[in-house]
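Biologist: Shall we go through this one together? I would like to hear what stands behind each term you use.

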Amino acid sequence: MKINIPIAAATASLLLFSSLALAEVAYVSNEKDNTISVIDLDTYEVTATLDVGKRPRGIILSHDQTKLYICASDSDTVQVMDLATHKITKQLPSGEDPEQFSLHPNDHHLYISNENDALVTIVDTDTNEVLAQIDVGVEPEGMAVSSDGKIAVNTSETTNMVHWIDTETMALYDNTLVDQRPRFVEFSKDNKYLWATSEIGGTVSVIDVASRKIIHKVTFKIRGVHSDKMQPVGIKLSDDGKYAFVALGPANHIAIIDAHSFEVIDYILVGRRVWHMAFNADQSLLLTTNGISGDVTVIDVAKRKAIKSIKVGRYPWGIVVKSK
Amino acid sequence: MKMTPAHYWYCFQGILIREYLRFIQQRTRFFSALVRPLLWLVVFAAGFRAALGIAIIEPYETYITYEVYIAPGLCCMILLFNGMQSSLSMVYDREMGSMRVLLMSPLPRWFLLVCKLISIALVSLLQVYAFLLIALLVDVEPPLWGYLAVLPALLLVAVMLGAIGLFISSWIKQLENFAGVMNFVIFPMFFLSSALYPLWKMQESSEWIYWICTANPFTYAVELVRHALYLKFDGTACSVTLATALIFSVFAIKGFNPQRAAGGGKPG
């Protein structure tokens with residue numbers, strides 16, 4: 001059999017190119033290093049470490065994945081990074097000490113929780129304009145906007161409340177009391193339920209969005225780990241609506257919850273003080289940031305197994321995955 | 001009569017089949033050999049389940065539970081007990097039973113002993129694989145190819161431990177009972193190695209213990225098995241295990257004198 005070398009070479013390079021095009025990268029904010037680590041998800045290696053503002057924590061991608069928004073908490077700003085050049089192109093007025101934020105489906109309204117000021121600031125990312133500042137409870141932290149764009153939710157760590165904000169009027173319209181120190185919230189894909197973690201309470205509250213009442217509380221128990229260490233922080237809900245993944249902080253585990261029965265079905269061991277998580281595009285992988293051990297653990301979602309831990313900077317906090 | 005390779009092969013087959021038959025007929029021995037490591041895995045390791053989730057240790061790619069850490073050491077524990085037990089019985093059998101018959105063979109004694117060590121090793125492997133299968137129940141799940149890659153490592157370790165056992169029972173008169181071997185050989189070898197705790201943990205507690213562990217060939221045997229099971233190769237562990245196996249085999253064969261046990265006379 002004869003092989004046409006130029007055609008074979010062209011095919012090979014095309015295959016190589018397409019595999020590169022499919023590759024994904026993760027961006028991780030390192031709270032104590034003032035950097036962002038870039039991880040290639042084909043090789044599981046850190047390919048770049050980028051300097052950013054002071055104490056970077058929450059990070060999110062713009063909907064077209066060309067920009068990365070970074071809460072530079074101690075610089076009191078939200079930085080915008082162009083992902084093509086890895087350069088900071090803009091600083092948004094975020095209010096003091098921005099920690100977590102959420103991008104409205106309209107792609108330019110950023111909802112930012114200002115931990116020190118008990119405020120939620122809404123910023124227009126196009127005009128740099130502060131659209132509103134809404135008073136919420138003490139130490140606001142978790143922030144989420146529903147996928148239909150109608151509701152924004154904030155949690156306040158000290159008031160122990162979930163605050164409901166109407167995005168049209170930009171005003172608070174209700175509060176729900178949850179367990180101690182609520183840290184993170186996420187809407188279910190159909191926007192019917194809101195999942196909220198309570199770090200000190202050690203629970204995850206599932207709240208009915210229509211009535212804003214708690215319909216279930218999930219608790220955690222791991223053999224060999226003291227119950228005080230069960231401190232849920234980050235949540236990720238799978239797109240198929242079947243599972244919820246909860247980062248259990250100093251318990252060093254991720255809990256997998258059946259999103260219908262609310263039963264914990266498995267625990268996966270990851271690094272120390274696991275904080276936040278991100279899925280890759282097809283949700284075959286879940287990545288966790290492990291603050292104290294300074295690494296990111298990659299979990300095979302189908303097998304429910306941790307497959308690799310990758311060293312990043314000091315105290316990795318937020319994480320997002322971008323298709324290359 | 002001149003011995004041909006066919007004779008050698010026939011002899012090896014004979015010894016292997018006999019070990020295999022003995023293994024099948026003594027099923028209680030098989031299960032009792034499995035109970036010991038399983039107790040360690042299920043009872044002892046359960047208490048420390050979360051103890052190791054604080055550091056990534058070669059060859060693992062991520063954080064592991066204590067069960068996962070301890071499993072290769074327990075595989076080697078099976079080989080250690082089997083190697084010592086079988087070698088001791090070989091020495092006792094010098095004066096009677098099958099060993100006496102075997103030693104009447106016209107083939108060289110070193111060959112017979114090496115065949116015997118390899119046969120014991122091969123039979124021990126069945127127990128190790130049975131253990132690894134049961135270990136799946138407590139989430140000890142090495143990669144599939146790891147089960148194949150670990151085979152030569154296990155074989156080498158089994159031969160090394162068999163040779164050490166044969167050497168000890170041939171040369172050290174005072175240890176000619178299993179209790180002695182257990183207290184003075186098996187336990188120190190097992191505990192002062194990386195089987196139960198990684199060496200950096202040992203170093204944290206005592207520099208002396210750490211040095212003893214690094215001088216213990218069992219540490220290298222465990223690391224060889226651990227790396228192979230997770231599809232990695234530890235060159236140092238392999239070299240040390242191989243060298244130890246060779247050195248002890250030579251001395252064990254030299255020391256194995258059938259007349260010594262029979263009449264207590266001088267080797268002739």
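Modeller: Gladly, and let me start with a definition: two residues are in contact if their C-beta atoms, placed from the backbone, lie within 7 Å. By that cut-off, nine residues of chain B are in contact with 13 residues of chain A. This is a predicted model, where local features need pLDDT of at least 70, side-chain atom pairs count only at pLDDT 80 or more, and totals for chains, interfaces and linings use all residues. Residues are numbered from 1 along each chain as its sequence is written, while chains are lettered from A and ligands numbered from 1 in the order in which they are written.

Biologist: What makes a residue on the side of chain B that touches chain A nonpolar, polar or charged?

Modeller: Ala, Val, Leu, Ile, Met, Phe, Trp, Tyr, Cys and Pro count as nonpolar, Asp, Glu, Lys and Arg as charged, and the others, Gly among them, as polar. Sorted that way, this side of chain B has four nonpolar, three polar and two charged residues.

Biologist: Why are β18(A) and β19(A) called paired?

Modeller: Strands are DSSP runs of E with at least two residues, helices are runs of H or I with at least four, and both are numbered from the N terminus. Two strands pair if DSSP finds at least two bridges between them. β18 (residues 203-208) and β19 (residues 213-218) of chain A have five bridges, in the antiparallel sense, so they pair. Val204(A) stands opposite Val218(A). The two strands form a hairpin with four residues between them, and Arg212(A) in the turn has a positive phi of about 60 degrees.

Biologist: What is the strand order in the open sheet of four strands in chain A?

Modeller: The order is β8-β9-β10-β11, with antiparallel pairing. β8 (98-103) and β11 (129-135) are the edge strands, since each pairs on one side only. Six bridges join β10 (residues 119-124) to β11(A), and Asp124(A) has Glu129(A) as its bridge partner.

Biologist: How do you know which parts of chain B to trust?

Modeller: pLDDT is the predictor's confidence in each residue, from 0 to 100. Chain B has a mean of 84, with 89% of its residues at 70 or more. Over residues 261-268 of chain B the pLDDT is below 50. Where pLDDT is low, the predicted coordinates should not be read in detail.
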